[in-house]
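Subject: Structure for your review

Dear colleague,

Please find below the structure we discussed handing over. My notes on it follow directly after.

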Number of protein chains: 2
Amino acid sequence: MAIRKRRTLLGITQRDLSEVAGVSLRSLKALEAGDANPSLGQMIKVFDALGWKMALEERGK
Amino acid sequence: MAIRKRRTLLGITQRDLSEVAGVSLRSLKALEAGDANPSLGQMIKVFDALGWKMALEERGK
DNA sequence: GGTTGAAGTGCGATAAAATGCACTTTGTGG
DNA sequence: CCACAAAGTGCATTTTATCGCACTTCAACC
């Protein structure tokens, strides 16, 4: 997933990110592993911690 | 929210959208009302039904 | 005023997410 | 090989989202 790539690029551990984002380490691991259907709030926290924001786009065709 | 605007623009009811998207009417109402912390799957279904997709952007500054 | 369709809302039941904990695996440096 | 840090994973528990249902509100129309 993109999360891991971004996180490693920032040179921080899962623990670091989970603390900055304010989600549990367990949840972050699940999120990175892709075996999760996270809540919007959960995602926003993590994305925000990674310097990302969510946006809507037209789905081409 | 943007969902309602889009939906009314399409000229469909909440019931219509909920059925097309595959989520319960109750959930869609909550989603439009903004009193929800929906799951990613839930949002994708609705956004997809509205011709939208989600994207990540750099958070300015 | 009565009827109808769409939308808003509260509540209880259930499915699922989020968490904590214990443990395993993997890599890295001594 | 050993020690340590980071990551992966299974499980039990707690919390929360999702859903159905009943009821209310509101507007349009006859």
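What percentage of the 61 residues in chain A do buried residues make up? Buried residues make up 23% of them, where a residue is buried if 20 or more other C-beta atoms lie within 10 Å of its own, exposed if 12 or fewer, and partly exposed in between, with C-beta atoms placed from the backbone.

Before the details, a note on conventions. This is a predicted model, in which local features need pLDDT of at least 70 and side-chain atom pairs count only at pLDDT 80 or more, while totals for chains, interfaces and linings use all residues. Residues are numbered from 1 along each chain as its sequence is written, and chains are lettered from A and ligands numbered from 1 in the order in which they are written.

**Chain A**

Chain A contains four helices and one strand, arranged along the sequence as α-α-α-α-β; helices (H or I, at least four residues) and strands (E, at least two) are DSSP runs, numbered from the N terminus. The C-alpha trace of chain A spans about 40 × 25 × 15 Å along its principal axes. Of the contacts in chain A between residues at least 6 apart in sequence, 40% join residues at least 24 apart; two residues are in contact if their C-beta atoms, placed from the backbone, lie within 7 Å.

Helix α2 of chain A holds A:Glu19. This residue is partly exposed, having 15 other C-beta atoms within 10 Å.

Chain A superposes on chain B (RMSD 0.1 Å) by a rotation of 179° with 0.0 Å of shift along its axis; the superposition is by least squares on the C-alpha atoms of residues with pLDDT of at least 70 in both copies. The two copies are thus related as by a two-fold rotation axis. A:Ser39 is the residue of chain A that comes closest to that axis, with its C-alpha at 2.0 Å.

The contact between the chains takes 17 residues from chain A and 18 residues from chain B. On the chain A side, α4 (40–49) and β1 (52–58) each supply at least two residues, and β1(A) gives the largest share, seven residues. By class, this side of chain A has eight nonpolar, four polar and five charged residues. Here Ala, Val, Leu, Ile, Met, Phe, Trp, Tyr, Cys and Pro count as nonpolar, Asp, Glu, Lys and Arg as charged, and the others, Gly among them, as polar. Because 100% of the interface residues of chain A are also interface residues in chain B, the copies meet through the same surface.

β1(A) and strand β1 (residues 52–58) of chain B run antiparallel and are joined by seven bridges; strands pair if DSSP finds at least two bridges between them. A:Lys53 has B:Glu57 as its bridge partner in β1(B).

In helix α4 (residues 40–49) of chain B, the buried residues are B:Gln42, B:Met43, B:Val46 and B:Ala49. Seen down the axis of α4(B), they fall within an arc of 135°, so they line one face of the helix; the arc is that of the directions from the helix axis to the C-beta atoms. Their cover includes α4 of chain A together with α1, α2 and α3 of chain B. After α4(B) comes B:Gly51, whose phi is positive, near 80°.

B:Gly11 lies in the loop between α1 (2–10) and α2 of chain B, and counts as exposed, with 7 C-beta neighbours inside 10 Å.

A residue is near a strand if its C-beta atom, placed from the backbone, lies within 6 Å of it. Around DNA strand C there are 18 residues, the closest being A:Ser24, A:Ser27, A:Asn37, A:Ser39 and B:Thr13. α3 of chain A and α2 (14–21) and α3 of chain B each give two or more residues to this surface, and α3(B) gives the largest share, four residues.

The surface near DNA strand D has four nonpolar, eight polar and five charged residues.

With kind regards
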